[in-house]
Amino acid sequence: MSHGYRLPVGGRIDRTRTISFTFNGSVLKGHPGDTLASALIANGVNIIGRSFKYHRPRGFYGAGVEDPNSMLAVRDRYAYEPALRAGQVHLCEGLEARSVTGWPTSGFDLAAGLQLFSGILGAGFYYKTFKWPNWALFEPLIERSTGFGRPRDTVETRVAHHRHVNCDVFIVGGGPAGLATARALIGSGLKVILADDQPQVGGSLLWEQTGIGSRAGDEWARVVAVEIAADTNMTVLNSTIVTAAYEGNHFTLLQSVRDPFGVRAEYIWKVHARQVVLATGMIDRPMVFAGNDRPGIMLSSSVRRLIREFAVAPASTLAIYTNNDSGYLTALAAQQAGINVVAVVDTREETAAVHRVAARGAGIECLFEAQITATSGYRRLTSISVCGTEGARRRIPCSSLAVSGGFTPLIHLASHRGTKPVYDSRLSAFLPGKLPADWSAVGGVAGTADLATTLADGARAARVLGNTVGISIGLPPDESVEGLSCGTVVPLWRPDHGSSAEMWVDFQNDVKVSDVEIAARENYVSVEHLKRYTTLGMGTDQGRTSNVNGLAIMAGSRGVAPEAMGTTTFRPPYVAVRMGTIANRRRGDLYKPRRLLPAHSVHEEHSAVFEDFGWERPDWYRRNGESREAAVAAEMSAVRDHVGVFDSSSLGKIEVTGPDAAEFLSRFYVSNMSTLKAGVIRYSVMAKEDGVIFDDGVVARLSEYVYLASPTSGNAESVAAWFERWRQTEWPSMRVAVSPVTSHWASIAIAGPKARALLAHLDPDFDISNAAFPHMRIREGVIAGVEARVARVSFTGELQYEISVPARYGASLMRALLLHGEIKPRPVGLEAWLRLRLEKGYLHLGSDTNGRTTPLDVGMGDLVAKRIDDFIGKRSLALSFARSDEREQLVGLLALEGALDAGARILAPGQTRPPCRTDGYVTSACFSPSVGAWIGLALIERGFARHGEVVLAYSGGSAIACRVTNPAFYDSGNARLHA
Amino acid sequence: MQRYSLANLVLQGLRKNVGWQPAWREPVPRPSYDAVIIGGGGHGLATAYYLAKEHGVRNVAVLEKGWLGGGNTGRNTTVVRSDYLFPESAAVYDWALRFYERAARELNFNIMLSQRGYMTLIYNQHQLELARHKVNYLACNGVEGEIIDLAELKRLVPLLNVSETARYPIRGAFIQRRGGTIRHDAVAWGFARAASSLGVDIIQNCEVLGFGKAGNRINSIQTSHGSIGCDVVGMAVAGHSSVIADMAGFRLPVTSHCLQAMVSEPIRPVLGTMVSSPATGVYINQTQKGELVMGSILDLYHSYGQRGTFCTIEKTITSVVEMFPVFAQTRLMRHWAGIVDVVPDSSPILGPTPVDNLFINCGWGTGGFKAIPAGGMLLAHALAVGKQHPLAEKFGLDRFRSNRLVDEGAASGIAH
Amino acid sequence: MIVIRCPYCHEQRTEEELTYGGEAGIARPDPNTASDGEWTDYLFMRTNTKGLHNEQWCCSAGCGQWFKVTRHTVTHEVVAVVRFDEALG
């Protein structure tokens, strides 16, 4: 058979049960224990996709994560994956898989015609053309041919969890190295976590022919797993890939929780370890030769794994191409499985091949000092052409070829931590180099290809880390170890025969040796330039099978050794992680908590339309189906003519107490808060050290030592933090305490001519007559039977009281106020509230101030001048730029025609339309029922000196004339405030 | 300079591509140069190009401690736009965008400019007013920008979650249609090739270790390749600006931070615009190869680490999935970081320094890539003429002496 | 992930539980006697060391205390942690 097939015996699959799945719509069968890759190969599937650039047919190259080719769209019962490596997907009942590259099908792809133009499509070709007339014209075409699957809007039930764990020892990898280390730690009392990416530990022991002691390698692994499970301090995480190593020995892991119908859940583990053992092993490195990308060509170790773990043969005829001894392991395994091994092509001298006797004894022909010069078979390998030392060429028919060009230790996690890999010439591979603190490396990743040494190294590593924490770890008794070794590697980075335009280095992005040569020729010679210019290693496999070959070939072109090139930096994650798993369940309301005001339910009862202003606050109340504008107008007139009720609970409340509280506060605000008398409230702003306004609000003095500061809602936390920081770090000897109490108190404001009458109905136990309780005063007492603080302070320009009660009474208070039968107050939302304050010309922080506005710019120059002692920001206000002509100053605007927009630009004098110079902008605007016109506030250069001037406010294509005025539009005498 | 064109591509292809010449020379450093530029990223290379092309100064060396374009230029999320507020900022950023629009022709190198639009989402009335102000201000500065409503937004970005059940319902967006993306490496390579062909020596793997001074002038630069003499020195080293300034004996109002970026595995084209969200702090676009590129705000502590942390990744990805629920299915492939030089007003620092013959280009913070052509032109002017270019007047280091900041905090918004 | 043990409440805190406060040791000049240049230096100029950096952190999700740290700005290794009234080495 020229395609794959299931072997009649062997493997770790469960032949007693059958699983049905579909591929590109056809129903196929496999067994529990199969991956999607092994099942597809067993069913004889050959072409599963196309490469990106040239759309060449792609088959399976590797059995697992190392495969660059088999990205398929996959759906199981729980989720849809636009693209996943077939070797990573465990077969489950009802699985649907589809090719995602190639049009109309991956079997027959029209775009493959691009290969005819490969001469001009070399590395970097798009930098040299597509400039005329415009890249944008070509872009859609290029985009259509790239990318794997497309995300689908579909219901998914896969669950994501995040888990956190600390441990003493973290072992990455459950192959022989990791198991040997773990085994030595049993009973040590150390908390150990071992993570392995397969459903069962064992790593290569599960599919290599090995013996440890009296047991077969896989049986040894099973027994050790049982022993580890018996130690309650040790945890094995199966089906768990370690995706990243972060500083401080923090790691992220991705665990797949599977049931017969798919991946039911994915867990992200965040592990913090004191010591780390890296035991991630190594993978085969491809050989580079002409025609090395045809379907049917696979990594040698993957062929062994297919045969032994999954009982799948790649084809009925197999050739081996190798520069080291491991190729022989594949030859022997295949031959035992009944596959016709037509030849082992070894590039080395005969004496270097330690397994040649065994191979020949099994009837396998071995060719030495031989190289593959070409292959044939566009849709499936049909033959290889081999050349020996004498130059004689020979064509050997075969439909599969196992290649091993050496080994690549999986050093990625160490590289995430910034360690520079070090080239080992014995293995012709990059080893981890100087590991991070508290790390050790054992086994294949450390360059050890020999099983006996690996087992001994693991036990020794355990002993060393035990010593580090003062625990004595005994070494296990020696066991005999059987297993064919992988021996020496004689690198052949670039063969002596064949056209470099037919030698592939990166199968996914279609990067050839000729492309590396172009890069060399054009001086993109550093390893990062090589990667970015040719796109070598930038695919989803992140260069696992291409990086080292690519840089070695570039090194050869430059005449330097591979170690001089270095490697590109490996970036986390090691395998791609589903974004939904990272996001966990934090969607919608779980994305960020909603903060609800104490009276939220009451607002809902009154049909509030909420906006998220940091807290969910009523923007307006939709009564009787009216429009927003109608509602806002009604709310405004309720306040002006009657009484409105507004929930101001989100406003900051900070108690500042102590003998030095007065002095403390005076250092923050522009106004001198130390002269505030008990029971009195004062409004002010505070600045940061650069003089820019940070916050505005009122401060009330409750008693000699107790002040209550009221920052804006948005700054409630940051002002408290600001106070606390200065207190701790600059003035630690001041006798003052800062207590944020914003959420302890619900505050409801009642504003309007009937506000006093409404307050009276709450039965306050203090005198609320105008004489006894004037404007800008605060009283503590009892209202409606609960403790309360009532401040007479106004944002609206009407008689206004802010009633604060403990938050648990907030809803009751709101309800009590609104349900008052006689007075019938109206609930007022934030939009109306802000327009009312605009009529009074009060500034709204963040709208009427920006990142440059100082207290001088908003008209507090006199206050600043009066302050003799220092406050934060005062020194900056003395810099000359604080008084320059260019400063934007806060003024009022009265529109003389049309509607005024917040955000309009004030055109410079003499200008009528853009583009032109401008002098400032409109910071707030609304139609004022009280004034009968559109009004606004604006920051305009030299604004204070321009009252009375007519300016043009430009917005959205038209400009309207406005008069610059004093901001006080309504009741400038403040009679209503003192009523 | 060997011309890049379709005709030449075909001709070279027929010759099996052996005729391509190096994109830049790899010269041995000379003992001294008229002008030395420290920093071989986009800004440094553009400076060299303009020195040679506009001012005829060709005895120039660019010293790069790693491989050219290997700093932020090779790590950013490739966004270009010019929607900054102040006229002086608009002049600089829009100058750069207009250069990018003709760069492929001028540099004879396809930088793959894709003007697919740059969009900032609007979530509430306050943001609508800010966006309206921006549109009006841009119009007054001669730069285009518009506000689009929810219907148009849905048409342009069908996968965006615009429902009322989203945590932050969207009301519309600001869009600058000329904004978009560029292949970032191509900018470095394009300028490098052009500069090299004009005679500029680009010296890679050459680290600056110190300065030799005579009075208040630098007369030699100590490097890992030995000492190099110089008449005038320019520095364009972004996150390392304080390091070089320290060697020259002064401090900067700069702090260096990690700015992280991440990319998904390639998927079919599904996102045709750059989308940035003030509510979630995240911005996202899709490359021509199909990868989703995502970023968020910078890490707040000082860092030269150039590597990511999972907590930032987690926050960013969570926000992306909240905005685009269907991207839950795509996979995070790689994440990395650059070092950004942040200054208090989010505006660059250009021109003279306390050292007489040292001129600086830094402080672009998270937004330097979009300004590369302008930054290069402006630093080249300072180096050639000895004083500030008019467009850079407001961006001098001396503005910090007088607290005369150009506060683009709002425009620079989310890091990009 | 930066992890620091708070010198006040003695708990291990990750960077997500802490607030960063910038360079430590910047003395506030006397506003009455400082020149404009000294004042703006205080406002804006920073050392921004590549290497060991003295900085301020706050245990904001824990005890709320500000303290000082010496941390390497490339490796992020925390080398010293002291209470705010103590001196960094």
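Two strands pair if DSSP finds at least two bridges between them. Strands (E, at least two residues) and helices (H or I, at least four) are DSSP runs, numbered from the N terminus. The model is predicted: local features need pLDDT of at least 70, side-chain atom pairs count only at pLDDT 80 or more, and totals for chains, interfaces and linings use all residues. Residues are numbered from 1 along each chain as its sequence is written, chains are lettered from A and ligands numbered from 1 in the order in which they are written, and side-chain values use heavy atoms, with hydrogens and water left out.

**Between the chains**

Strand β34 (residues 577–578) of chain A and β16(B) are joined by 2 bridges and run antiparallel. Here A:Arg578 stands opposite B:Arg331 of β16(B).

The contact (heavy atoms within 4.5 Å) takes 94 residues from chain B and 108 residues from chain A.

The largest share, 10 residues, comes from α4(B). By class, the side holds 39 nonpolar, 31 polar and 24 charged residues.

**Between the domains of chain B**

The domain assignment (automatic or from a database) gives domain 1 (23–78 + 184–254 + 345–402) and domain 2 (118–177 + 256–342). Their contact takes 16 residues from domain 1 of chain B and 17 residues from domain 2 of chain B. The C-alpha centres of the two domains lie 31 Å apart.

**Interface values**

Buried area is the accessible area (1.4 Å probe) that two parts lose on being put together, summed over both. A salt bridge needs a side-chain nitrogen of Lys or Arg within 4 Å of a carboxyl oxygen of Asp or Glu.

| Interface | Buried area | Carbon and sulfur share |
|---|---|---|
| Chain B and chain A | about 8900 Å² | 53% |
| Domain 1 of chain B and domain 2 of chain B | about 1300 Å² | 52% |

Chain B and chain A share 11 salt bridges. The count between the two domains of chain B is 0 salt bridges.

Definitions and conventions. Ala, Val, Leu, Ile, Met, Phe, Trp, Tyr, Cys and Pro count as nonpolar, Asp, Glu, Lys and Arg as charged, and the others, Gly among them, as polar.
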